[in-house]
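This report walks through selected features of the structure shown below, beginning with the surroundings of a ligand and ending with the pairing of strands.

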Amino acid sequence: RASISGGAAAANPPRINRWNRRPYSARYLKLLKKRRALPVWQQKDEFLRALRDNQTLILVGETGCGKTTQIPQFVLEAEGLGDRPVVACTQPSRITAMLAARHVAQEMDVTVGYEVGYSVRFEHCWSRKTVLKYLTDGMLLREAMADPLLEKYNVIILDEVHDRTLATDVLFAHLKEVLKKRPGLKLVVMSAYLEAEKFQGYFSGAAPLMKVHGRLHPVDIFYTQKPERDYLEAAIRTALKVFEPGPPSLRGGPPGRKIVVSTNIAETSLTIDGIVYVIDPGFTKHKVYNLRIRVESLLVSPICKGSANQRADCAGRTRPGKCFRLYTDKSFNEDLQPQTYPEILRSNLAYTVLILKKLGVDDLVHFDFMDYPAPETLMRALEVLNYLGAFDDEGNLTPLGEMMSEFPLDPQMSKMLVISSKYNCSNEIATIAAMLSAQNCFLRPREARKAAGEARVRFGHIDGDHLTLLNVYHAYKQNDEDPQWCYDHFINARALKYADNVRRQLVGIMTRFGLKMCSPNFNSSAYYANIIKALAAGYFMQVALLEQNGHYRTVKNNQIVDLHPSNSMYHKPEWVIFDEFVLTTRNFIRTVTDVRGKWLIDVAPQSTLL
Ligand code: ADP
Ligand code: MG
């Protein structure tokens, strides 16, 4: 590393930016003034001392106190880390990683993608110059697969750990080992609130806890008298019927009151300034893994007490506020759990187990998880990976499994990609995988339902939805990726652009492994058969058989399901492959394609075991 003379401490106040050696801009000074007013700045010296004296440090401070944006910058100024330390800061979502990087690049007066960068699944924006990288926890885990000791980083910051995402929990256990092997590495664990004792206990008391003194204003909490039946209706009613008319305009802006509708990302990861009233319906969308039927689904479920308090706190950031809870105080006290179960206890672990194996973890039972997943869940994961051919019968990674682990995707999907060149259709399968990774590409605006439905039918393939997705992508390319064309055909241009980028990266990985990119002859009758066979080679565990009563039965776990009404087929095939199991009032399988029973047996001899 080049040593740079005249670091930040040399000139006081510094006028030259240490990172790019340019003079600071006026905007830098303006932002600096704002930053200095954040609570974490009161304890900057205390933080730097604690960092110097400890290998691991736990920092707790309420949302908005400056953890995500300021602490990594403090770390860059720390003594003893060299002139150009490299810092990683994890985030629980793509959006927070990208926003934090963009904002901090401004604060540091550098260009995002150079000195400050980010890395999220399928999108990398950093360079060799990068000293501070925001990345999703899942991305850091993937980096660990290639570089188990994460040697390119001097300091790793695990942020928003109260979320207890699956990847953060795995990183905890992995980093605990890495810290022993790399005495020079430092770990900072940050959280908006935390079961502090649990975390300290996890690090055997070796990690001091530092609390940032917040300055929250009081928040009055109101409950409903009786339970609400429809929380959406109640929320709208509370927002419109309860308040006085909005205030007059401020400083020439438009008059009125701004209403922000937000997911739980605003609970702790994003600060929305100027909020005074919060309406809390008391629900969240929550991932649940049903071990019995082996299905992972998103369910609307009650929040925990911790989330309720975080939501209320949002009202008190600027001045005293009010929080309207759309449930009774009895319900708050008696029904809500203190904390949500960590994700690791409610997820399908096939992808995680594949990564752990690649990280060299052979003994899952003794891996130092903060909370242990049920042994059955681990067994299921091993079983799936064995059926897919990623693990042999002894539980060792096979060459196929090695390749599969390189794709940041569900193992069934990576299996399909790796196998696709054998069926001469890697181009098509890469497209299907990319389309499945993107958001739903069909728009259905309320005011044009009928026209949108008709447009969709024109892309429809009678053999199934996977092939329909292929049609959409081809049409998009044939029309030069034109956003106007997308608009006219009720296609979500953003989803297609995303899919196109994902596809490029998947092709990159496949090419790196020497997998041939090829297509079957379009005029041959085997064109679609080959594609569906490759699909089946990955998804043979997600097939359903038509019953006499007209419903389907999933083969692996005997659930009665129906084809989702959005499917593009005009008939009910005997066998179907599906992408998703949707639990609503009825059980649906969504994104379905016709498959011959014989092909299932040909491509996946294991399927007879199911
Ligand atoms: P914490 O991580 O402790 O919740 P942050 O570091 O995210 O706090 O935020 C500190 C302050 O910086 C907040 O007042 C927030 O509004 C502001 N801030 C953070 N990100 C952005 C952004 N992308 N644009 C503008 N302001 C931001
Ligand atoms: Mg934060």
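## The shell around ligand 1

Two helices, α4 (67–77) and α5 (94–108), each supply at least two residues of the shell around ligand 1, where helices (H or I, at least four residues) and strands (E, at least two) are DSSP runs numbered from the N terminus. The largest share of that shell, 4 residues, comes from α4. Of the 14 residues around ligand 1, K67, T68, T69, H103 and T271 come nearest, a residue being near a molecule if its C-beta atom, placed from the backbone, lies within 6 Å of it.

By residue class, the shell around ligand 1 divides into 3 nonpolar, 9 polar and 2 charged residues; here Ala, Val, Leu, Ile, Met, Phe, Trp, Tyr, Cys and Pro count as nonpolar, Asp, Glu, Lys and Arg as charged, and the others, Gly among them, as polar.

## Basis of the model

This is a predicted model, in which local features need pLDDT of at least 70 and side-chain atom pairs count only at pLDDT 80 or more, while totals for chains, interfaces and linings use all residues. Residues are numbered from 1 along each chain as its sequence is written, and chains are lettered from A and ligands numbered from 1 in the order in which they are written.

## Burial of α4

Helix α4 is mostly covered, with 8 of its 11 residues buried, a residue being buried if 20 or more other C-beta atoms, placed from the backbone, lie within 10 Å of its own C-beta atom. The buried residues of α4 are K67, T68, T69, Q70, I71, P72, V75 and L76.

## The annotated domain

An unreviewed UniProt entry carries the annotation "domain: Helicase ATP-binding" for residues 48–212; such annotations may be inferred rather than shown by experiment. Over residues 48–212 the chain is 39% helix and 22% strand, and the end C-alpha atoms lie 13 Å apart.

## Strand β13 and its partners

Strand β13 (residues 321–325) is largely enclosed by the rest of the structure, because 4 of its 5 residues are buried. Strand β9 (residues 219–223) pairs with β13 in the parallel sense over 5 bridges, two strands being paired if DSSP finds at least two bridges between them; in this pair, V219 has G321 of β13 as its bridge partner. Strand β10 (residues 277–280) also runs parallel to β13, joined to it by 4 bridges, and here Y277 is the bridge partner of K322.

Definitions and conventions:
Buried ≥ 20, exposed ≤ 12 C-beta atoms within 10 Å, placed from the backbone.
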